[in-house]
Amino acid sequence: MEHGVKTLSSIRRYYLFQFFHNIAFFSPVIVLFWQANGLSMTQIMLLQSIYSLGIVILELPTGAFADYFGKKKSLMIGSLLWTIGLIGYGFSHTFWQFAIGELMVGVGSAFISGADRAYIHELLKEIGREKEFMKVEGKARGVIQIAQAVGNLVGGLIGSISLGLTLIATGLSTFIGYLVGVSFPGIKKEPKKGRSSYFQIIKESIVLVKKNNRLLWLTLFFATFNGLVWPLIFYSQPYLQMLGVPVYFFGLIFAGFNLISALGSAHTLQFEKLTNNWTFFIMSLTIVASLLLLGLFPSIYIFPLTLIFLMFVFMNQTIITDQVLKIVPSNKATTILSFQSLVRRVLYAVVGPILGMVTDNFGIQNALVSYAFVALFFLGILVITEKRFV
């Protein structure tokens with residue numbers, strides 16, 4: 001009984017960590033912050049590429065670090081780097097100062113990437129509740145959405161005082177997340193004799209992805225889907241500006257979207273059961289259709305389709321993580337998840353600036369329509385070939 005109470009407390013602390021780590025007070029005004037400092041959409045998306053490259057460089061090493069030295073240590077290092085990077089970012093004013101901030105936060109993200117999901121999976125496995133992972137992680141993704149809703153609401157108010165202050169406040173919230181993480185219980189490690197070396201973990205994980213057809217397909221779909229969809233999240237603010245929506249409504253609109261997305265993320269398991277073997281097909285088709293509608297028929301009534309981007313990114317991550325963790329051994333779990341994120345980040349780093357340039361030269365509407373056909377091509381190929389990788 002006492003063990004069960006302790007486990008419940010640990011899960012709640014995991015939810016708290018995700019809440020404070022993911023309150024993004026800068027979210028409703030970050031594009032305005034960049035534009036106020038003279039950046040174009042191309043430069044804005046280039047910053048996202050720099051952020052992604054910071055993660056790519058250390059994605060696998062930090063994943064192996066988490067598997068070898070402990071997921072908790074990796075989470076704590078990542079949280080501190082986020083805190084330092086965000087606070088410094090809030091005091092910056094030039095592209096290259098922003099680039100340094102993006103790199104710092106990117107490295108922090110690399111330490112956290114995959115380690116959070118692998119940590120809670122190991123904790124549940126240790127106490128015989130491994131089958132509850134999708135339920136717990138689905139709720140955690142919902143908590144993240146709630147945190148982002150709070151960040152949007154409060155961030156709009158903070159942004160009315162100072163746009164840079166939203167980043168500093170986010171850094172302080174991340175530090176609270178760090179303090180919560182310090183209280184996480186440790187996970188039993190394998191005896192040192194039976195554990196792979198640091199670099200062996202990286203090598204063996206890459207080999208595992210190459211040899212396991214299902215794992216390879218899941219990696220490709222996760223990287224392609226999330227890599228293509230994530231850049232679209234930065235288009236919500238300029239899209240609303242194009243529609244003439246007053247800026248002071250931004251925080252309220254995005255907070256509402258986050259709450260709806262949180263509800264969807266919390267029902268990831270039900271969504272997967274409902275869609276059965278058509279889950280990835282339905283996700284892909286919905287994304288393509290939403291892009292076309294947003295580009296061809298710009299309207300405040302069409303705009304709510306953008307919340308699908310955020311919701312499906314989280315749902316896709318949870319579903320694929322659950323499938324991956326059923327395939328790979330726990331001592332390589334974080335590295336495999338990090339490898340998937342690495343491939344996604346590489347794609348994101350390439351696609352983002354190109355999408356930004358198309359937007360600067362041809363407008364948001366044409367960029368979204370063109371992007372719909374790009375998404376249809378790549379996601380279509382993966383959905384059609386899925387059965388070959390079982």
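Leu216 is partly exposed, with a relative accessible area of 25%. This value comes from a predicted model. Leu216 belongs to helix α10, which covers residues 213-229. Setting aside neighbours within four places in sequence, Leu216 is in contact with Val209 and Phe389. Leu216 and Val324 lie 108 residues apart in sequence, yet their C-alpha atoms are 9.9 Å apart in space.

## The whole fold

Now the wider view. The protein has 17 helices and zero strands. Its radius of gyration is 20 Å, close to the 21 Å that the globule rule gives for 390 residues, so the protein is as compact as a globular protein of that length. Along the principal axes, the C-alpha atoms fill a box of roughly 60 × 45 × 40 Å.

Buried residues make up 58% of the 390 residues. The protein exposes about 16,600 Å². Carbon and sulfur atoms supply 70% of that area.

The protein carries 29 positive and 16 negative charges, and the mean positions of the two sets are 4 Å apart.

## The nonpolar cores

Which residues of the largest nonpolar core touch the most other members? They are Trp34, Leu47, Phe221, Leu291 and Phe312, out of 98 residues in this core. Helix α15, residues 306-325, gives the largest share of the core, with eleven residues. Phe312 touches Phe225, Phe271, Met283, Thr286 and Ile287, when residues up to four places away in sequence are not counted. A second, separate core has five residues, including Ile23, Phe25, Ala147 and Ala169. There is a general pattern for comparison. In soluble globular proteins, nonpolar side chains tend to be buried together.

Thr174 sits in helix α8, which spans residues 163-182. Phe175 lies in helix α8 too. Is Thr174 buried or exposed? Thr174 has 0% relative accessibility, so it counts as buried. Phe175 is partly exposed, at a relative accessible area of 35%.

Their contacts can be listed next, leaving aside neighbours within four places in sequence. Thr174 is in contact with Phe20, His21, Ser79, Trp82, Thr83 and Leu86. Phe175 is in contact with Leu80 and Thr83. Phe175 and Phe20 are 155 residues apart in sequence, but 8.1 Å apart from C-alpha to C-alpha.

Arg141 is part of helix α7, residues 133-161. Arg141 has 4% relative accessibility. Buried means under 20%, so Arg141 counts as buried. What does Arg141 touch, not counting residues up to four places away in sequence? Its partners are Tyr14, Gln18, Asp116, Arg117, Ser265, Phe314, Gln317 and Thr318. Arg141 and Gly159 are 18 residues apart along the chain, and 25 Å separates their C-alpha atoms.

His121 is found in helix α6, residues 115-126. His121 is buried as well, with a relative accessible area of 7%. It touches Glu130, Phe133 and Leu325, again without residues up to four places away in sequence.

## Two loop residues

Ser113 lies in the loop between α5 (95-112) and α6. At 13% relative accessibility, Ser113 counts as buried.

Asn276 is in the loop between α13 (268-275) and α14 (279-296). Where Ser113 is buried, Asn276 is exposed, with a relative accessible area of 51%. The cut-off for exposed is over 50%, so Asn276 passes it. Phi of Asn276 is near 55°, a positive value in a residue other than glycine.

## Distances side by side

The table collects C-alpha pairs from the text.

| Pair | Separation in sequence | C-alpha distance |
|---|---|---|
| Phe175 and Phe20 | 155 residues | 8.1 Å |
| Leu216 and Val324 | 108 residues | 9.9 Å |
| Arg141 and Gly159 | 18 residues | 25 Å |

Notes: Residues numbered from 1 in each chain as written. Predicted model: local features only at pLDDT ≥ 70, side-chain atom pairs only at ≥ 80, totals over all residues. Heavy atoms only, no water. Core = buried A, V, L, I, M, F, W, Y, C linked by side-chain atoms within 4.5 Å. Buried < 20%, exposed > 50% of the residue type's maximum accessible area, 1.4 Å probe, protein only. Helix = DSSP H or I, 4+ residues; strand = E, 2+ residues; numbered from the N terminus. Contact = heavy atoms within 4.5 Å. Rg over C-alpha atoms; globule rule 2.2 N^0.38 Å. Areas by Shrake-Rupley, 256 points an atom, 1.4 Å probe, with all protein chains shown as cover. Lys, Arg positive; Asp, Glu negative; His and termini not counted. Charge placed at Lys NZ, Arg CZ, Asp CG, Glu CD.
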